[in-house]
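Trainee: Could you pick one part of this model and take me through it closely? I'd like to see how it ties in with the rest.

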Amino acid sequence: MTFIQVMCGVGSSLMVTPVLMFILCIIFVGSLGKSFGIRRLYVNFLLKIFEYGRVNIETAKKSRYAEVGATETDDDSSATPQIPIAEKVMANGNGFLGKTQSNGNHLISRDPLILAPDAEYQSTKKELQRKISSSDGEISDEFNPENEEKNFEFNLENCLDYVKAGMEAIIEDDVTSRFEAEELKNWNLLTRTNRHYEFISWRLTVIWMCGFFVRYAVLMPLRVLICFFGVMWLVVCTALVGSLPDNEFKRWTVPPILRHCFSILASSVSTVITYHNEENRPVNGICVANHTSPIDALVLMHDNCYSLIGQRHGGFLGVLQRALARASPHIWFERAEAKDRLAVAQRLRHHVSNPRNPPILIFPEGTCINNTSVMQFKKGSFEVGGVIYPVAIKYDARFGDAFWNSSRYSMMQYLYMMMTSWAIVCDVWYLPPMFRQEGESAIDFANRVKSVIAKQGGLVDLMWDGQLKRMKPKKEWREKQQEEFTKRLKGE
């Protein structure tokens with residue numbers, strides 16, 4: 001028995017050794033910011049699997065419709081095939097139902113001039129007038145200021161626009177849908193985006209079971225080990241760098257070390273990142289980007305060194321924040337402390353005024369959006385002055401939804417979802433630097449930067465405040481709508 005136990009121990013150690021060597025090889029290559037190209041081959045292979053699944057699903061649906069049509073024909077020769085209600089309604093990743101057109105666009109078409117925030121109302125109205133005049137050659141009667149007083153009389157029908165906008169908001173408003181998982185056109189073989197397709201055919205069932213085994217038995221343990229090593233290595237490296245005196249050598253050492261550490265962390269979630277227009281990479285000043293998840297910082301720090309600003313967290317994120325603060329200047333604040341916000345603005349100006357500091361990375365939305373749109377940018381970072389470097393980040397939701405719904409999932413739950421996704425695939429566009437124009441307000445500058453990011457990333461440009469995720473609409477917005485409605489009744 002002793003001999004057998006010894007041989008089993010030797011055999012198991014021989015099996016573990018190649019695994020450890022493979023993990024160390026991945027960590028070493030990732031730490032250098034290099035890649036064997038395996039992840040891109042893996043992503044391309046997944047696309048073929050998804051396409052094969054789509055074909056199987058469509059074939060099974062056609063067979064089902066044909067069976068339903070044959071049954072209806074047997075009962076009544078004049079009857080037409082009835083498509084099940086479940087097939088007319090598509091479910092998104094969180095199980096909520098919403099009727100959509102065949103192209104994926106929502107059926108509701110809103111008037112952006114109704115129920116719009118105060119700060120955006122007039123500018124949006126002028127923009128629509130300009131677009132209408134440029135497309136039609138003249139301003140239509142609906143928006144023509146000269147005819148506005150003639151058309152607006154005290155009629156009961158004047159309130160119908162608000163009634164319509166209210167009903168649309170009840171059915172599906174512009175805000176809450178931005179805090180749910182992005183709806184996929186095709187199923188990506190994940191149960192969290194399940195539409196009950198895994199048992200639609202035996203071929204798809206086999207593929208889904210194999211994918212489940214690969215994600216939970218192979219990828220997840222490997223990613224957890226790499227992530228654990230990456231966090232520990234980040235803590236050690238930042239502690240060593242933080243112990244150095246504050247001089248040119250330290251400032252020269254920090255950027256490559258942080259890129260090295262974040263490259264390892266990026267490997268833990270199988271990131272495949274494509275950077276565009278690298279000649280516009282930020283070198284100082286302020287870098288602003290749309291916000292989807294904490295991974296945004298990892299995606300950008302993988303390619304460049306930034307100082308970070310944001311809400312102070314506890315738990316896992318708190319460990320990373322404290323580690324980063326040892327090595328380089330960062331600004332962490334409490335969201336609920338108004339006095340601290342004034343100190344944050346002052347510290348931000350002080351940071352930007354020093355050209356030796358790295359560019360500071362800011363997510364002006366203040367909360368995570370589901371990567372389908374860009375919401376209102378806070379004006380604080382645009383009042384500081386200096387250069388603004390816009391960056392657009394667009395994730396490919398087919399491989400995994402990077403959006404963090406902090407109201408529903410804790411940080412550990414979110415990490416679990418990332419570790420069990422297929423991969424994190426995204427594109428990053430570095431846009432040309434922008435400056436505040438003479439006479440331009442901070443709000444207008446923020447909106448101009450926001451529109452550039454939305455256009456480049458293929459995102460919907462929304463005027464609403466992302467903090468509506470946590471709070472009720474402001475009283476001033478309701479009062480503004482009441483004033484506008486009163487003016488319309490008076491014909492002003």
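Mentor: First, a bit of bookkeeping: helices here are DSSP runs of H or I with at least four residues, numbered from the N terminus. Keep in mind that this is a predicted model. Let's start at helix α13, which covers residues 442-457, 16 residues in total. From first C-alpha to last it reaches 23 Å, close to the 22 Å expected at 1.5 Å a residue. Its buried residues are A442, F445, A446, N447, V449, K450, I453, A454 and G457. In general, an α-helix has 3.6 residues a turn, so residues three or four places apart point the same way. Just after α13 comes G458, with a positive phi of about 70°.

L468 has a relative accessible area of 17%, so with the buried cut-off at under 20% it counts as buried. Setting aside neighbours within four places in sequence, L468 is in contact with V175, P473 and W477. The C-alpha atoms of L468 and T176 are 8.3 Å apart, although 292 residues separate them along the chain.

Now for the packing. The largest nonpolar core has 59 residues, and V299, L300, Y306, V391, Y395 and V428 have the most contacts inside it. Leaving out neighbours within four places, V428 is in contact with I273, T274, Y275, H276, V299, L300, V391, A392 and I393. Apart from that core lies another, of 24 residues, and F445 is among them, along with I309, L348 and L459. F445 is also one of the buried residues of α13, which brings us back to our helix.

The rings are worth a look too: a search of the whole structure finds 13 aromatic pairs. Take F199 and W208: the ring centres are 5.8 Å apart and the planes sit at 70°, so that pair is edge-to-face. F199 is exposed at 59% relative accessible area, whereas W208 is buried at 15%. For Y275 and Y430 the centres are 6.2 Å apart and the planes at 10°, so this pair is stacked. It links distant parts of the chain, with Y275 in strand β3 (residues 271-276) and Y430 in strand β10 (residues 424-430), 155 residues apart. Both Y275 and Y430 are buried. Ring pairs also join F199, W208, F212, Y216 and Y416 into a cluster. Finally, R215 lies over the face of W422, 5.3 Å from the ring centre.

Notes:
Residues are numbered from 1 along each chain as its sequence is written. This is a predicted model: local features need pLDDT of at least 70, side-chain atom pairs count only at pLDDT 80 or more; totals for chains, interfaces and linings use all residues. Side-chain values use heavy atoms; hydrogens and water are left out. Rings of Phe, Tyr and Trp (its six-membered ring) pair if their centres lie within 6.5 Å; planes under 30 degrees apart count as stacked, over 60 as edge-to-face and the rest as tilted. Buried means under 20% relative accessible area, exposed over 50%, partly exposed in between (1.4 Å probe, protein chains only). Helices (H or I, at least four residues) and strands (E, at least two) are DSSP runs, numbered from the N terminus. A charge sits over a ring if NZ of Lys or CZ of Arg is within 6 Å of the ring centre and within 35 degrees of the ring normal. A nonpolar core is a set of buried Ala, Val, Leu, Ile, Met, Phe, Trp, Tyr and Cys residues joined through side-chain atoms within 4.5 Å. Contact means heavy atoms within 4.5 Å. The expected span of a helix is 1.5 Å times one less than its number of residues.
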